[in-house]
Amino acid sequence: ILFTVRNQDGTAPWSVVEDVTFTNNIVRHSAAGIMFIGRDNLHPSQQIKRVMISNNLFDDIGAKQWGNNGRWIQITETVDVKIDHNTAFQTGNLITAHGVPNQEFVFTNNIVPHNEFGIIGDGTATGNTTLDRYFVDFSLKKNVIVGAQSSRYPKKNFYPPTLDDVGFVDKPHGNYRLAASSQFKHAGTKDKDVGANIDEIERAMGRVVEGLP
């Protein structure tokens, strides 16, 4: 999924991407998740702002047959991007940042594996060092970042060692709802479950989704 400003032929410097909501989707079998390019890198443009990524499932992101990039979020030079209540299973970085820092970035209530490098930027170390360099006035809390070292990240998040510790109803068969016994039930903001609400996704699609019992 690509959010990028394009001033085609260089004649429209007012070009912008703003006020977009991406919600209640399933993204499956893809090389990567979402890329934000905040300005046109070839011609003058305005800046990406006010984008919400909410209540989505990203499943099987980055396997070899899909291209093996495996990055969930790639981002540069945005303003007011919010990523909230998503569940993702990717093979690469959680967030990859580069270029100009992002402003007012919010990352809350997501379930995602850390993998090798987690949140990392060009020339910066994993975790807080990258957040401080590439994100201005950011909020990162109430996330389940599986396998991360808690000492490298902000407090007010959860760092279980494995996906099995999250407490899905039936992960091997694609049921990514949280079981009643999961420690992350009602652990998000406003006492909501962390991660995507699978029932809401199914209602939005008007049917029971294949692979989501």
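Where is the place of Arg177: in which strand? Arg177 sits in strand E19, which covers residues 175–178. Keep in mind that this is a predicted model, so everything below is computed from its atoms.

Is Arg177 buried or exposed? Its relative accessibility is 17%, and because the cut-off for buried is under 20%, Arg177 counts as buried.

Strand E18 (residues 168–170) runs antiparallel to E19, and 2 bridges join them. Within that pairing, Phe168 has Leu178 as its bridge partner. Together E18 and E19 make a hairpin with 4 residues between them, and in the turn Gly174 has a positive phi of about 85°.

**The largest pocket**

E19 turns up again in the lining of the largest pocket: E19 and helix H2 (198–205) each supply at least two residues to it. The space in this pocket comes to about 290 Å³. Of the 16 lining residues, those nearest the centre are Asp193, Gly195, Ala196, Asn197 and Ile198. Sorted by class, the lining has 5 nonpolar, 5 polar and 6 charged residues.

**The parallel sheet**

Elsewhere, 5 strands build an open sheet with parallel pairing, in the order E1-E4-E7-E10-E14. Which strands stand at the edges? They are E1 (2–4) and E14 (119–121); each has a single partner strand, so one side of each is left without a neighbour in the sheet. From one strand to the next, the twist averages 10°.

Inside that order, E4 (residues 34–37) and E7 (residues 73–76) run parallel and are joined by 4 bridges. One of the pairs to look at is Phe36, whose bridge partner in E7 is Ile75.

**Asn102, a buried polar side chain**

Asn102 belongs to strand E11 (residues 102–103). How buried is Asn102? Its relative accessibility is 0%, so Asn102 counts as buried. A polar atom of the Asn102 side chain lies 3.0 Å from the backbone nitrogen of Glu77.

**Loop residues on the outside**

Leu42 lies in the loop between E4 and strand E5 (49–54). Leu42 and Gln8 are 34 residues apart in sequence, yet their C-alpha atoms are 9.1 Å apart in space. Asp137 is in the loop between strand E15 (135–136) and strand E16 (139–141), and Asp191 is in the loop between E19 and H2.

Here are their relative accessible areas:

| Residue | Relative accessible area | State |
|---|---|---|
| Leu42 | 64% | exposed |
| Asp137 | 64% | exposed |
| Asp191 | 57% | exposed |

Most residues other than glycine have a negative phi. Asp137 is not a glycine, but its phi is positive, at about 55°. Asp191 is not a glycine either, and its phi is positive at about 65°.

Definitions and conventions. Residues are numbered from 1 along each chain as its sequence is written. This is a predicted model: local features need pLDDT of at least 70, side-chain atom pairs count only at pLDDT 80 or more; totals for chains, interfaces and linings use all residues. Side-chain values use heavy atoms; hydrogens and water are left out. Buried means under 20% relative accessible area, exposed over 50%, partly exposed in between (1.4 Å probe, protein chains only). Two strands pair if DSSP finds at least two bridges between them. Axes are lines fitted to C-alpha atoms, for helices over the stretch in contact, and angles run from 0 to 180 degrees between N-to-C directions. On a 1 Å grid over the protein atoms alone, a cavity is a set of points where a 1.4 Å probe fits but cannot get out, and a pocket is an open set with protein on both sides within 12 Å along at least five of seven lines; lining residues have an atom within 4 Å of a point. Grid points are joined across faces, edges and corners, and a volume is the space filled by probe spheres set on the points. Ala, Val, Leu, Ile, Met, Phe, Trp, Tyr, Cys and Pro count as nonpolar, Asp, Glu, Lys and Arg as charged, and the others, Gly among them, as polar. A polar contact is a pair of N or O atoms within 3.5 Å; within protein, one must be able to donate a hydrogen and the other to accept it, and residues adjacent in sequence count only if both atoms are side-chain atoms.
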